[in-house]
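The sequence and the structure are shown below.

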Amino acid sequence: MATLSTDLLETSDKPSGRTRVLTALLVVAFALILAKAAGVLPEWLNRIPEAAIPPTAQVLDAIFNFIQNDLGLIYVTRFIAEGPLEFLLDTSANLLEGKRRWPNLGPIPWSAIAAVAAVVGYAVGGWKLAALGAGTFVWTAAIGQWKIAMQTMSVIVVAAPLAFLLGLVLGIAAWKYGWFERMLKPILSILQTLPFFTYLLPAVIFFKVGPTAGAVATITFAIPPMILMTTLGLKKVSPEVIEAGQMSGCTRWQMLRHVYVPAARTEILVGVNQVIMLCLAMVVLTAFIGMPGLGAKLLAMMGSFKLGRSFEIGVTIVLLAVTLDRMSKAWVVKQPVHFERGTPWWKRHQISLVALGLFIGFILLSQLFPILAEVGRKQHLSQGKEIDVIIKSFLAIDAIKGTTEWLRWFLNVKVLIPFRNTLLAIPTPAFILLVVAFAYWVGGRRPGIYAAVFFTIIAFSGWWDRSVITLYTVISAVALATLIGIPLGVIAARSERWSKSILLACDTAQTFPSFIYLIPAIMLFGVNDVAVVFSILIFAAVPLIRYTIIGLSSVPPEMTEAADMSGSTRRQKLMSVQFPLALPTMAVGFNQAIMFAFFMVIIAAFIGTQDLGQELQRTLAGTELGKNFVLGLNVSLMALTFDMAISSWAEQRKKRLGLD
């Protein structure tokens, strides 16, 4: 999954570094005194009394019910769900999976779709992408997963264009009107940090369960990066291009259509890439609200511990993600082709004509050879049972079993449980002070103030202990990911060949839908806290490795040459020259790792946790919108606290190094 850094506030803080450290240490000292005196403190200083907790969830439920029923919003949303949206979803489902709806032309043969994917891949990126596009769909059909894959794709082909259009319009409005952008920024910051369960329940209540609710949740989840990239692209259009358009007598609409949007093409297409990837990530997760497809099948297979079949479905999801990612990225860098005046029509559209010809050709061939239309149950090449036997045999090897059992025992008994109990034992005011001290020390005054406000809101939400357990999981996973990711990034950065290979692996891993990371965790550790932390660790290590390599590789050569000439050892050069200059870039990776961890900890609720994710998952069984929103907001506020502190530190560091 990809996240964009929030920008809620200015980062110019007055206190000097020494003053900031001393102040933070004083706050920490006071917090530790409070924590030490926990046994003798009044109960209200340990935890907020239940009587003092405001009925936020109930108030929100009343507001939502008023909007839903009294104002009649439910009728509008149900009209959309049962009207145009359902029509679009039924049409795509009919064409791709053969659902009996208008236009009753489906399903399109898998071979025809694979052929078109090959042509599109060749058009945007050459033969390698053509092979990837065709190979992905051939694999999906051959392995017997075509129908469930098309159930997933039938939602994506509707959700992604709608998210693109809505994001583009809102992005243009934010660029055009400053007040609208200022209003939108904090909303987008919260939307990007809200756990995905918070998107699902409103979609279920206001729209119909199944593909319709899944499409709405997916569209809402995918819009923010499109808005941000559109606004960024339009702001970056050079004054010379604008002046040329004005001198040619363009109207406002013509300026937007023929000048601004084409000039912002790269940023807008990056937004399209993000929309596509977020749509795929979310549509897999909508299995929790009854959305059929790859996600639902994977959830069922993992629930019954059929690891072989889970592995095959995981490979299909990864192949689809990598294919869509590579093709959309290739589209970003591919420049538009311009033809001379008078070029024949067929020559200007030869790629489209080849795609159409192959599409029609394979449809006709599938009438003669049924296997080109559908791979039957007895014809597919699935080896799920065999893979299951291999995986279970591998895990039963004494050395593997002994290692995983020892790791599970050591991490649970010696690290995770003591750390969790320590955090839970800290009185609420002391805990808030520790977070404030961290945010102030790292980011300065404003992040410190926001940390105090955000964690006080969490304290009065009624879900303090669950929030602390969520934070404990995130901190544990990110700490372990840092111990693994930073050294790996440092080692890879020493060689250009290794850097390219590891960066390619990181880029590929970032396209994996988050569900995939649960598979190795469950395989190795079963269902427990260690599996939760391990799945988050893998997910969070990717940006740490990636940005460590990028940061160290971007250090100016003259700086490293000067260190070599002064006789520095490799370790001295790394610690005194490369790390200090690479830290602002590495901070981006650390920030992303924390954001990824907060996202993944909610998904890990499937494994079985005692945190906010588990409570959020339970809300899907009812209509507790207020509780759902409060829980989601708690996760968002914790994520925003760390995001603002680290982003503020990175900006200040860049200014001190003169990198801005």
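## Overall architecture

The protein has 29 helices and zero strands, where helices (H or I, at least four residues) and strands (E, at least two) are DSSP runs numbered from the N terminus. Its radius of gyration is 26 Å, close to the 26 Å that the globule rule gives for 660 residues, so the protein is as compact as a globular protein of that length. The radius is taken over C-alpha atoms, and the globule rule is 2.2 Å times the number of residues to the power 0.38.

This is a predicted model, in which local features need pLDDT of at least 70 and side-chain atom pairs count only at pLDDT 80 or more, while totals for chains, interfaces and linings use all residues. Residues are numbered from 1 along each chain as its sequence is written, and side-chain values use heavy atoms, with hydrogens and water left out.

The C-alpha trace spans about 80 × 65 × 60 Å along the principal axes of the protein. Of the 660 residues, 49% are buried; buried means under 20% relative accessible area, exposed over 50%, and partly exposed in between (1.4 Å probe, protein chains only). Among contacts between residues at least 6 apart in sequence, 80% join residues at least 24 apart, a contact being heavy atoms within 4.5 Å.

The protein exposes about 31,600 Å², of which carbon and sulfur atoms supply 67%; accessible areas come from the Shrake-Rupley method with a 1.4 Å probe, and for residues only the protein chains shown count as cover. There are 53 positive and 36 negative side chains, and the centres of the two sets lie 3 Å apart. Lys and Arg count as positive and Asp and Glu as negative, without His and the chain ends; each charge is placed at NZ of Lys, CZ of Arg, CG of Asp or CD of Glu.

Helix α5 (residues 110-125) has 16 residues, which at 1.5 Å a residue should span 22 Å; its end C-alpha atoms are 22 Å apart, in agreement. The expected span is 1.5 Å times one less than the number of residues. The buried residues of α5 are W110, S111, A112, I113, A114, A115, A117, A118, V119 and G121. Their cover includes α4 (73-97), α6 (127-142), α7 (146-176), α15 (307-333) and α17 (350-368). After α5 comes G126, whose phi is positive, near 90 degrees.

## Selected residues

| Residue | Relative accessibility | Class |
|---|---|---|
| K235 | 48% | partly exposed |
| N94 | 2% | buried |
| A481 | 0% | buried |
| T323 | 4% | buried |

The contacts below leave out residues up to four places away in sequence. N94 belongs to helix α4 and touches K99, R101, W102, P103, N104, L105, G106 and P107. T323, in helix α15, touches L132, G133 and T136.

A481 is found in helix α22 (residues 464-493), where I486, L537, A540, A541 and L544 are in contact with A481. A481 and L201 are 280 residues apart in sequence and 31 Å apart in space, C-alpha to C-alpha.

K235 lies in helix α10 (residues 211-235) and touches W175 and E181. K235 and K176 are 59 residues apart in sequence, with a C-alpha to C-alpha distance of 9.5 Å.
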